[in-house]
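Student: I am new to this structure and would like to learn how to read it feature by feature. Could we begin with the strands and work inward from there?

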Amino acid sequence: MTLFTCANCRQPLTGDLKEAQPSLGTEERSGHRIAPPRMARGIYAISHDASLFILHPDDLPGTAPHPDRGRRNGCCGLDGQDGPNLICAGCGADVATKQSDCWTWHLVALTAAAVVSGAESPS
């Protein structure tokens, strides 16, 4: 199990997560249908170049929306096309990009360089 924290202030960004492979997402979408989340809750995957951790959109309670509204574009949600749009709730550092628009897979791409990962300490 892994807990991701902000590399800048060590604020916990996630709860306890388990590593897995991302779903392939090969299903066709017809019309204006919202895509399912790319990852199940509580699961993360590492991108092919190890620069991102891919998570379910609801698995980052330690983040907040970016204060720059220009980073939060989209029609039905966030399209993730304008740079990181989630910040650490503790210090305001850019930590992730959320995609939740009608034409995107729903996911959060946590920037590996902005976080520290480790085993969650027992409560």
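Predicted model: local features only at pLDDT ≥ 70, side-chain atom pairs only at ≥ 80, totals over all residues.

Tutor: Let us begin with what a strand is here: strands are DSSP runs of E with at least two residues, numbered from the N terminus.

Student: How many helices and how many strands does the protein have?

Tutor: The protein has zero helices and nine strands, and from the N terminus on its elements run β-β-β-β-β-β-β-β-β.

Student: Is Leu107 buried or exposed?

Tutor: The word buried is used for a relative accessible area under 20%. Leu107 counts as buried because its relative accessibility is 11%. In the protein, buried residues make up 37% of the 123 residues.

Student: Which residues is Leu107 in contact with, leaving aside its neighbours within four places in sequence?

Tutor: With those neighbours set aside, Leu107 is in contact with Arg38, Ile54, Leu55, Pro57, Thr97, Lys98 and Gln99. The C-alpha atoms of Leu107 and His56 are separated by 5.2 Å, although these two residues are 51 residues apart along the chain. For the protein, 50% of the contacts with a separation of 6 or more are accounted for by residues 24 or more positions apart.

Student: What does the side chain of Thr63 reach, and where is the place of Thr63?

Tutor: Thr63 has its place in strand β5, residues 63-65, and its side chain reaches the backbone oxygen of Leu60 at 2.8 Å. With a relative accessible area of 17%, Thr63 is buried. Not counting residues up to four places away in sequence, Thr63 touches Leu13, Leu86, Ile87, Ala89 and Val95.

Student: How many salt bridges does the structure hold?

Tutor: A salt bridge asks for a side-chain nitrogen of Lys or Arg within 4 Å of a carboxyl oxygen of Asp or Glu, and the structure holds two of them. One joins the side chains of Arg41 and Asp59, at 3.6 Å from N to O. Arg41 lies in the loop between β2 (18-19) and β3 (43-46), while Asp59 lies in the loop between β4 (52-55) and β5, so the pair ties together parts that are 18 residues apart in sequence. Arg41 counts as exposed at 55% relative accessibility, whereas Asp59 counts as buried at 7%.

Student: What are the details of the salt bridge that Arg71 forms with Asp94?

Tutor: In the salt bridge of Arg71 with Asp94, the closest N and O atoms are 3.1 Å apart. Because Arg71 lies in the loop between β5 and β6 (86-88) and Asp94 in strand β7 (residues 94-99), this pair ties together parts that are 23 residues apart in sequence. Asp94 is partly exposed, with a relative accessible area of 33%.

Student: Which residues touch the most other members of the largest nonpolar core?

Tutor: Of the 17 residues in that core, Phe4, Leu13, Phe53, Leu55, Val95 and Leu110 touch the most other members. At least two residues of this core come from each of β1, β4, β6, β7 and β8. A second, separate core of six residues includes Met39, Ile43, Ala45 and Ala109.

Key: Residues numbered from 1 in each chain as written. Heavy atoms only, no water. Helix = DSSP H or I, 4+ residues; strand = E, 2+ residues; numbered from the N terminus. Buried < 20%, exposed > 50% of the residue type's maximum accessible area, 1.4 Å probe, protein only. Polar contact = N/O pair within 3.5 Å; in protein donor to acceptor, adjacent residues only side chain to side chain. Contact = heavy atoms within 4.5 Å. Core = buried A, V, L, I, M, F, W, Y, C linked by side-chain atoms within 4.5 Å.
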